[in-house]
Amino acid sequence: MKKLRIFVLLLVLALVAAACGGDSEETTTTAAEGGMDETTTTTAAPDEGGTEETTTTAGEMPAEIKTDFGVDLDAGTITIGQLADLTSPNFSALVNPIIDGQKLYFDYINANGGINGLMIEMLPKDTQYSSELHIQAYEEIRDQVVAISHGTGSSTNLAIADQLFEDKMILVPATWYSGWTDTEIAPGVVHTGASYCIEAMNLLDWMKDESGLDAPTLALASLPGDFGLDSMAGAQKWAEINGIEYVDAGIGKIIPGQDNKPIGDAIVASGADIVFVTAPPSLFSEVYGTAVGQGFEAMWSGAGPTYNPAFLSSPLADAIQRDWYGGFYSQPWGSESAGMALVHQLYDEAGSEEPLKDYIALGVVEAMIVENALRKAYENGDLTREGVFNALYSFDSMEFMGMAPAERYTGSTADQVQRALTLYRPSAADFAAGGSGAVIVDPEFVGPTAESFEFTEACWSF
Amino acid sequence: MASALLLAQAGGQDAVEKFANATSSGVALGAIYALLALGLVLIYKATQVLNFAHGALAALGAFFAAYLATVLNFPGRYVDFLPLTFQWVLSAVTAVLVAAAVGLVLERLAIRPMIGEPLFSVVMITIALDIVIRTITDDLVGTTPRPLGDPWGANHLEFGPVTIAQTEVATLVVTIVTLIGISLFFRSRYGVAMRATAFDQEAAMAQGISAGRIFALAWAIGAGLAAAAGIFSSLYPRSSLGVSGSTAFFAFRALPAIVIGGLDSITGAVLGGFIVGLAENYAGAYLVGETWSFLGVGFAGVMPYIVMLLVLIVRPYGLFGTEEIRRV
Amino acid sequence: MRARPRLFVSYGSEMALLPTWTQKIAALVFLALLALIPFGVIPGLGFLGDSDWLKILSRVAIYAIGALGLHILSGLAGQVSLGHAFFLGIGAYTAVVLGGESGRTLLGYSLPMWVWLPAAGIIAALVGAVIAPTAVRVRGIYLAIVTLGLVFIGEWIFRSAVSVTGGAQAGREFPELVFRFWKEEEPFLDFTADGPWFGINMTGEAKTYLLLLVFTVLTIIVAKNIQRTRIGRAFMSIRDRDVAAEVMGVADARHKLLAFALSSAVAGMSGALLGAFLGRLVPEQFSLLMSVQFVAILLIGGVGTVTGTLLGSVFVVVLPRLVQDFTSLLASTVESGTGLVSTVAGIFVSTAADDPGIVSTLPGTSPGLNVFQFNLVLYGLLLIGFLIFEPLGLYGIWIRVRNYWKAWPFTY
């Protein structure tokens, strides 16, 4: 017993020693792998951010590159952070493939000369969709990175929004809250893809068209919070603009940890032609399963992350292929763009077995945003955080090798809003053949409602 | 039948159908809670430990079932002359046995050393076990939910006004069989030994009963029951996608069941499970809509706890629990 | 005659918190060191002055205050409570309604800190007093489950009261840690802004840390004082044998109610500070997981002692960071590829897609646990280890070490 006690004591001391040792230690940098923070302690001078001026080797580039944090010209590395939900049951299922995708793409860039000879390194931190951990993780990495290529969650990102703007750090969120497009809200957080609000309008336009009905009835239900309510706001605005009646079957009422069958019952009771439900896939499956079990047939849709190709191997496979009309912010795996061909190649080369391929592609798009900003910043000779920030917000039209519609980062809120959405329908045959189970119907669809909608502020605010 | 006259919704179902369906799914949900409660009470009665890791064990059991049935096809591939349903059942049974083995290991490693420690520490150790087992199960399951490959899918059976899912029927059948099995077990040698140990450990040991073996047996059976509950909670309509990271949290919903029934009463646990299942379902079916919107979001999940508090105010040891006689 | 730690010549000195001069000076020196941390002047521990470590230490302070609340209830009065997160939530949301800004759908009165902080404590105490009669009727495991139910009911209330909390998944902003006299524009004292105080330039994080340090010290004094008053002794007698205590004249129900009220008051203030420190909270924050963290703090540190509670807070809040640094240290030793340590570590750590190992440091999914899952598993295993091998917690280890050196070289 005594020996075991001593062992436990030593273990604790070892941990303490490691922490104290680890922080002041300067270890060798690891090349192009996802290393942890020790690798860039050389540039993380805690309280002073100096500007280093050095000459570069690339011939046609400017002679002096300014840097402050996250870029080490001597070691030749650029560090990019990720504040991701990697382990909690909330969104880790979607976030892990996104990070995988980013890694694939950054490795590819590094293998092809990096950013003018500077290699990109990832610095992921697990924030478990908790604001507390998100804030803590940001505090840890802000002096070690020059940009953040992934942030999970809207309320978590909002918790650090002020600090992000103060540091002039860009962050690419993995949520499509319409507030990110609004220049008044969280200016450091970069908008990507159609927001939930616009997405809802596009999907509903499409479904109404497909239904052939002049006045279909609509049923709505969702998770609370921005994911659910921003999406519902878009659906409600669509209904208002098009003069369609809707039934509130549980807006903001679908939550984890409770039985969501009653919401399915309410949807069935409403007898709607079109059902728009935004919730995480596991909760959606409870609602949808209940409705299908009662023999209910309608057209179903919801915000992108509501759907998961796992449905195609579940008892609901036939029903979902019949009923689901899906949208996504970047193109799914079956896209015929040059960018997707590249991603297929990288995926095969890495021998990855990740099934959520659409999210891998999404990760690549997020990584491209950061890459484009970095390259432009390099051209401007300013790889400080502010330099990258300004570079990003100077793009009138940023392209993604055809994988996603072009984004605009200049001008007012109305100028920057993304109205195009990719439309798809699920297909088990495609999934079985190695695709992501989504067959593209229209790669860049803009419905009449979204087209003419005046977007000057977020559809829903906290 | 007064409840059937409440809020009859137009379209979809009439009042009788609605009541019948709410009752049938309430009973099915209650069956899962009863299995969980049974396992918890068994462990508590024998070892005086409330197992907060029950949910994690349930998720682990469901994972084993998914893995055995879909990935390894064990032992299905050795008996492929049997119909598919049987093969899947065999995989599920194997999963339950493996989970029981895990329960044995846990008891020996983590619970045996804690005999005699204060309640606080014992509660904490099961919570810590829950964290460890849950994280490992999360890692094993992976980021996408795993379907269990059961043969019933989303099919339904109809008996008059009642439409009940085949999986729910299976749940009920298994629960009834289990209850019969447990009551028979308690008449057997080991069952009597377990009852004796639960009643008075020292006296039982004086009679030659090995307390250690009883503890191990209780934990094994408890873990097995948890696994069974976990398997059923990962099927349609509870979760069409299968076992995922959130399966483990399901078990906390059964805690009110054991308190309502009384922590050391087997009958109480089973009854408590059904009461909670029905209460939750009725709340979900009837306490919705405009008139009830003041109840906020997710009242149905909280209702069992409120029922529990009300029962405790009237009977502090649960409906069937034995009152503690304390000596000073 | 020289003073000796165990020699008391008056009742006053026996009851004193710091009886001897040595203890008094040691305590002052320790406090001074803590206050100097943000300036990075302590040799060897200078890294603690970095803003991310200061944030960790600030969280330690907030959790310590909350844990001291639980200490009053569980450590002193012996009432098992898994519902501590509920009281933190009550305090936090009282603070945000009184101190926060009103919005389209949100309630807020923008009152200053000297209103919302004590109010958080008072309202939480009242709620604790209301809950107590039900909790008093049950004992042992039943109490644990009742308090567990409290957490779930609390989650429901917080989810549904959208105008107070902002709703599930969304949350709302909390009042800042600034001191105003009333609702004037410029705060009298701003703890979040960088800038000079008394001529010394300090970051916002440093100022916040010092403020929280002051609050923690005040709470420690209150907790230690409760221990040596009549009420504290009544609590401890209830903890040991509540029936016997009643026989001796300690009113059981009344004192348990007092314990709940006091504990909730401290918890409420801790919750308010947590919200103000983080700036933004979602209602899901106040979950069973948070309650469990507090229970873990008490158990790891050593139930029933204030020192234990403090040691536990440091351990639980700092541990995730230590584990992260530890695993990255392992990963870098594996990659530098030399020596015995590296080979042993190589078995456990996987650094490339084809390298088997229990823990993997690659970003994204890969075989084995990722660093953060490993963190959780280690946390759970350490908890289990402590509970099995050292029931007295870190305080017990400290006592053992201290006694060893006290009796050295006669350590038998």
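What follows is a short exchange on a predicted model and the terms used to describe it.

Author: In this predicted model, local features need pLDDT of at least 70 and side-chain atom pairs count only at pLDDT 80 or more, while totals for chains, interfaces and linings use all residues. Residues are numbered from 1 along each chain as its sequence is written, and chains are lettered from A and ligands numbered from 1 in the order in which they are written.

Reader: Which residues is A:Ala93 in contact with, leaving aside its neighbours within four places in sequence?

Author: They are B:Thr143 and B:Thr144. Contact means that the C-beta atoms of two residues, placed from the backbone, lie within 7 Å.

Reader: How many residues does the contact take from each chain?

Author: Chain B gives 32 residues and chain A gives 38 residues. On the side of chain B that touches chain A, strand E2 (162-165), helix H11 (266-286) and helix H12 (299-314) each give two or more residues. H11(B) gives the most, with three residues. Helices (H or I, at least four residues) and strands (E, at least two) are DSSP runs, numbered from the N terminus.

Reader: What makes residues on that side of chain B nonpolar, polar or charged?

Author: Ala, Val, Leu, Ile, Met, Phe, Trp, Tyr, Cys and Pro count as nonpolar, Asp, Glu, Lys and Arg as charged, and the others, Gly among them, as polar. The side of chain B that touches chain A has twelve nonpolar, 18 polar and two charged residues.

Reader: How do you know that strand E1 (residues 156-159) of chain B and E2(B) pair?

Author: Pairing needs at least two bridges found by DSSP. E1(B) and E2(B) have four, so they pair, in the antiparallel sense. B:Leu157 stands opposite B:Ile164 in E2(B). The two strands form a hairpin with two residues between them, and B:Gly160 in the turn has a positive phi of about 65°.
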